[in-house]
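Hi,

Here is the structure we talked about. Please have a look, then read my notes below.

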Amino acid sequence: MNTVDRTDPYPWPYDGRLDPRRTALVVAGAQPAWRGRSLHVDAVAAVIDRVAAAVRATGGQIVVVTHLAPTVVLDRGPRPALPPLPGTPEADPLDIAGVADVVVAAVGMDGFFGSTLDHELRRRGLDRLVLVGYGYEATVECTLRGANDRGYECLTLVDAVAPFGDDTAAGALSSITMSGGIFGAIGTSTELLAALALLQPHADLPNALQTREQP
Amino acid sequence: MTERVVDANPYPWPYDGPIDPARTALVLIDWQVDFCGPGGYVDSMGYDLSLTRAGLEPTARVLDAARNEGWTIIHTREGHRPDLSDCPPNKLWRSKRINAGIGDVSACGRILVRGEPGWEIVPEVAPIDGELIIDKPGKGSFYATDLDLLLRTAGITHLVFTGITTDVCVHTTMRDANDRGYECLLLTDCTGATDKGNYEAALKMVTMQGGVFGAIAPSEHLLQAIGA
């Protein structure tokens, strides 16, 4: 059995088969519009980089998701500033693309809505998702919900999500763990990195962790 | 307030008021015995049923008013086929791990299985002839259902949400509706969760960033707006 230690409310993944080749790091809300309105963004960016390097080094995939306002929302007039308008600097993908294998554009806060995300994951055999990103309560949470209903086994990394508010983030993370893990499990990057390192004892992980790959 | 516009947070709802009964639907999410009835799924997990039942009475009042105004009424039910062929293996595993396995026999029949007593909507807000019912295998009411098609065909552009639980099925459906361009209002006293803190956080999330998923209001404000 290979699982990540101390994930809540159960050892993740559910079937005890932590397999980087079936694992995608999904970075949601990867745009200035979301990052600019989120808390703890510098710390979260550093964690995302470390996790991305480890996932890549062990054979996993990095998937970056951007979120645009759907046309129908633009048509209806007055609207919140999020999601960002297409074609604005606020909507450009963040430079996580240095380690991204796939960049997917959704037309809503759910990364699966109006996007090729499901297709990109399925065709690569990726059915375990590690969720991180900016605008946590909106983009990461919506994408988690979409993934969970589709049967993906999801882990949300609590120290790699940048929320709008600490109180709302606490509530959202707590909700994941209700009813035996209604949206999967939550855990920390430290535990995930330790679990990935154990899977590949001979891999040069420390070096990989320090090196940001070039596109 | 302007007539037929709801005093809501963070903006008067709907943004393009007044409320038009021909374009508005009341959505009642998962008012099933399994989620708010004695012996059902939530009860068997050991949660406090009064939290998920709290919204029943105000929801019944709103349902009555919406029916009188001729709104479209939509009920949803979460449940799986009797052979569980539409239940993802991780969802099944998680439920069994806490001894409330989907498909297991409980006091209300097989848990979360279509056609069982626990899957039925409780009598307080039960559907009447002509109202739409959406059967869904997941938390969201749009995934793997014909809800979007039904709403578009009926010309519905505005959705008022009630139901359980706030942070799970109600939030998922409201988020999906918002992505699809529907103008959404969640009635704060017509919904509940298995944890009070999570209920409160879920309500607050709707109001962030100028109403990132729509707006919230107590049902009294809606009833005032439509003169009910």
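**What I found**

In this predicted model, 35 residues of chain B are in contact with 36 residues of chain A. Contact means C-beta atoms, placed from the backbone, within 7 Å. Helix H5 (89-97), helix H7 (166-179) and helix H8 (196-207) of chain B each supply at least two residues of the side that touches chain A. That side divides into 12 nonpolar, 12 polar and 11 charged residues. Here Ala, Val, Leu, Ile, Met, Phe, Trp, Tyr, Cys and Pro count as nonpolar, Asp, Glu, Lys and Arg as charged, and the others, Gly among them, as polar. Helices (H or I, at least four residues) and strands (E, at least two) are DSSP runs, numbered from the N terminus.

Two notes on conventions. Residues are numbered from 1 along each chain as its sequence is written, and chains are lettered from A and ligands numbered from 1 in the order in which they are written. Local features need pLDDT of at least 70 and side-chain atom pairs count only at pLDDT 80 or more, while totals for chains, interfaces and linings use all residues.

Now the core. The largest nonpolar core has 134 residues. Such a core is a set of buried Ala, Val, Leu, Ile, Met, Phe, Trp, Tyr and Cys residues joined through C-beta atoms within 7 Å. Buried means 20 or more other C-beta atoms within 10 Å, exposed 12 or fewer, and partly exposed in between. A:Val51 and B:Phe161 are among the residues with the most contacts inside the core. Helix H2 (residues 41-57) of chain A gives the most to this core, with nine residues.

H2(A) also packs on a neighbour. Its axis and that of helix H7 (residues 189-199) of chain A come within 10 Å and cross at roughly 15°. Axes are lines fitted to C-alpha atoms, for helices over the stretch in contact, with angles from 0 to 180 degrees between N-to-C directions. The two helices are therefore roughly parallel (angles under 35 degrees). A:Val47, A:Arg50, A:Val51 and A:Ala54 meet A:Ser189, A:Leu192, A:Leu193 and A:Leu196.

Some backbone details:

- The peptide bond from A:Trp12 to A:Pro13 is cis, with omega near 0°.
- The bond from B:Trp13 to B:Pro14 is cis, with omega near -5°.
- A:His40 is not a glycine, yet has a positive phi of about 60°. A:His40 is partly exposed, with 17 other C-beta atoms within 10 Å.

Best wishes

Terms used. Parallel < 35°, antiparallel > 145°, perpendicular 65-115°, else oblique. Contact = placed C-beta atoms within 7 Å.
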